[in-house]
Amino acid sequence: MIPYEARELQKKAVRELVSLIESKKDIITFKAPTGSGKTYMMADMMNQVIANDERVVFIVSTLSKGDLAMQNYAKFKEYEAKGNFPKLNPYLINTELSSEESLYIPTDYNVYVLPRDLYKKGGKLMEGAMENFMNTMTSYYFGEGLNKKIYLVRDECHIETKNLNELAKDYQMLTINFSATPNLARGQAPDVELDEDEAVQAKLIKRVVPMNIDGEEEHLDEAIDHLQEIREKYRAMGVNPCLIIQISNESRADEEWNNIIQKELDKPKNSNLKWMYVVSDEKKCKTNDKIGLKPVSRWKDYAKENESSIDIIIFKMMISEGWDIPRACMLYQIRPTTSRQLDEQVVGRVRRNPRLLDFDTLTPEQKKLAMKAWVWGVMKEKKHVTHQVDLWNDGKEVLKTFKVKTIKLKELTEQQLLKNHSFVDEQEVSTRHSIFYLHKQLANSDEELQNDCYDYMGSDYSKWFKYTESLPAIKKAYVDYHVNYGESMEIDKEVSFPASSSFSGDDHSVEVPNWVWVKRKGGESFAFDSAAEKNWAVFLGELCGRSAEVLTEDDEDRYLWGKNFPTNSEIRYQYYASGIHSSYPDFIMKDKKGGIHVFEVKSFNEAAGSPVKEAEYKEKIEKLRDCYLACSAKLEGYSFYIPILDGDEWKVYTYIGGQEIKEISTKRDVKSFIRNQNRD
């Protein structure tokens, strides 16, 4: 039986979730560490909501990769069969179940598990099946449906689900986000959070023991030696421990296998270890185990079991979602990632409690052993606390007087170059590639191009080959169009700061009393992403001078300014860099004459020490310079600045009216320019 503290912690989180659902909030985000029972809590939440209102139907969106949809569906069926949550009646949406021309989704279930990638352009669900289902279940469009209330649950919500987001908007669905790493930049600030420390204390997840943080390859023997040391103690509690070795990516897999991993596994002292090497879902799987399992999926199922003979699993970078291995207690990264979000997902694979259901039957020493996860290579992050902030005085003055225009890049359908596909039709195809090669090339293209391909194809498969064989020319035209900002950029909308936002952590903190934000708790100290950003915040505070509390409509000597916290923010400027990106500038200021000043702070100090990082950082700054130069041409009365800290010196790039103003290149220049512009 799950420890009482663990179950109570889960129940508390579910109570908060259900309470928010009943409060009619449109979007709810739930954050819980990987391994803390997210699927169980999701099922509990759905069961309680349906018990309160049987008109509610849930669509649970999951990732297609890693069999996560089938995994969730199987869990829901298990909970239903055991009587844990008797109100659940789950159904797995699977387009492969039907050989008919149009797919039919039955309407007599209340939980529909939907793999994300099934709902995309060119798929059966987008050919009318999903629309018919939604119209039948609701009375939203025709007024004659079953009058159900549809709620969308987005599992692993940090992964984008554009088509499902649009569906939720069209049918005004309540959206409930679930993730261990919600994406703050997409407005996914947690409304309910199961605290990591509390989860460890409740024995839901293991405590991470960082073994080294430099990711040096010579430590692999240390990890394998440690596995050998704890093996028998672990087996004494009925679990064969497992070490996960995370390779960089598929392209470097063979090199890292030959030069790093196999050298260690071939040592005589490790001849007793069984290993499994999986690079991709269906292409490569090899092992020194003699068990006759052939499909990769069967090997992966076998590797999950506590009694599995596999001691070491070598896997590629994206081990983050959908493969739960509670007996895994060690992680070794060949090379650390640069993504904190990915690191948290990956570390979560080795944090599950392998004896959660009968933890109290273990001896004190076994309990201590079961609750440790040893990790080599991942930087141990300082615990980040989320701070909620609101606009001063409920935002009354700010929202009324502070408006900022944003910039977007035109969608493919608006581009004359590829409109009506005349450009595609004109392409001469002289080569012929395999369907597998073409599919891979299309899959590695921008999502907009992928959707455009299926629009062009319709039901004529020969057009799919025409489009994919023409991809090099199409991509070039697509990129050329986007980087021609004079054509591709357009003013999007006029927005303000969001009424509420949030930031994480307490690093680079400083008191900022004279801006638009007020913390809900904890005084006037705000944290920033870097020392450079903190430095610039102090500079702007000194420049603006006046306190937010004295702002009134009649105050002619006011500056409105604040940090553009990404959470809930719509203040962004799109640009192209191997895909469409959005720049959320760090600070926005409105001077007393109505001029808008936009600041994107950078620091070469943050990338120092790595030639690769420095080169990538410089390239990104160049892309931002091009973006802000073009934005300044589109927006009259706007000044764009990119202040860059290099050592102790600041270099400022300033753009006004489509021109780079080289006379404004230092902090002092910025200060003089803004002050002079606002003199009567």
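The protein exposes about 32100 Å², of which carbon and sulfur atoms supply 47%; accessible areas were computed by the Shrake-Rupley method with a 1.4 Å probe, and for residues only the protein chains shown count as cover. The model is a predicted one, in which local features need pLDDT of at least 70 and side-chain atom pairs count only at pLDDT 80 or more, whereas totals for chains, interfaces and linings use all residues. Residues are numbered from 1 along each chain as its sequence is written, and side-chain values use heavy atoms, with hydrogens and water left out.

The secondary structure comprises 21 helices and 30 strands, taken as DSSP runs numbered from the N terminus (helices: H or I, at least four residues; strands: E, at least two). Of the 680 residues in the protein, 51% are buried; buried denotes under 20% relative accessible area, exposed over 50%, and partly exposed the range in between (1.4 Å probe, protein chains only). Among contacts (heavy atoms within 4.5 Å) between residues at least 6 apart in sequence, 70% join residues at least 24 apart.

Helix H17 was examined individually. Its 13 residues (471-483) should span 18 Å at 1.5 Å a residue, and the end C-alpha atoms are 18 Å apart, which agrees; the expected span is 1.5 Å times one less than the number of residues. Leu471, Ile474, Ala477, Tyr478, Tyr481 and His482 are the buried residues of H17. Viewed down the axis of H17, these buried residues fall within an arc of 130°, so they line one face of the helix; the arc is that of the directions from the helix axis to the C-beta atoms. Pro472 and Lys476, on the other side of H17, are exposed. An α-helix has 3.6 residues a turn, so residues three or four places apart point the same way.

Side chains of opposite charge can pair when their charged atoms come close. With a salt bridge defined as a side-chain nitrogen of Lys or Arg within 4 Å of a carboxyl oxygen of Asp or Glu, the count comes to 23. One of these joins Glu193 and Lys31, whose closest N and O atoms are 3.8 Å apart. This pair links distant parts of the chain, with Glu193 in strand S7 (residues 192-193) and Lys31 in strand S1 (residues 27-31), 162 residues apart. Glu193 is partly exposed, at 38% relative accessible area, and Lys31 is also partly exposed, at 22%.

A further salt bridge connects Arg355 and Asp358 (2.8 Å, N to O). Arg355 is buried, with a relative accessible area of 15%, whereas Asp358 is partly exposed at 30%. Elsewhere, salt bridges that share partners join Arg231, Glu232, Arg235 and Asp311 into one network.
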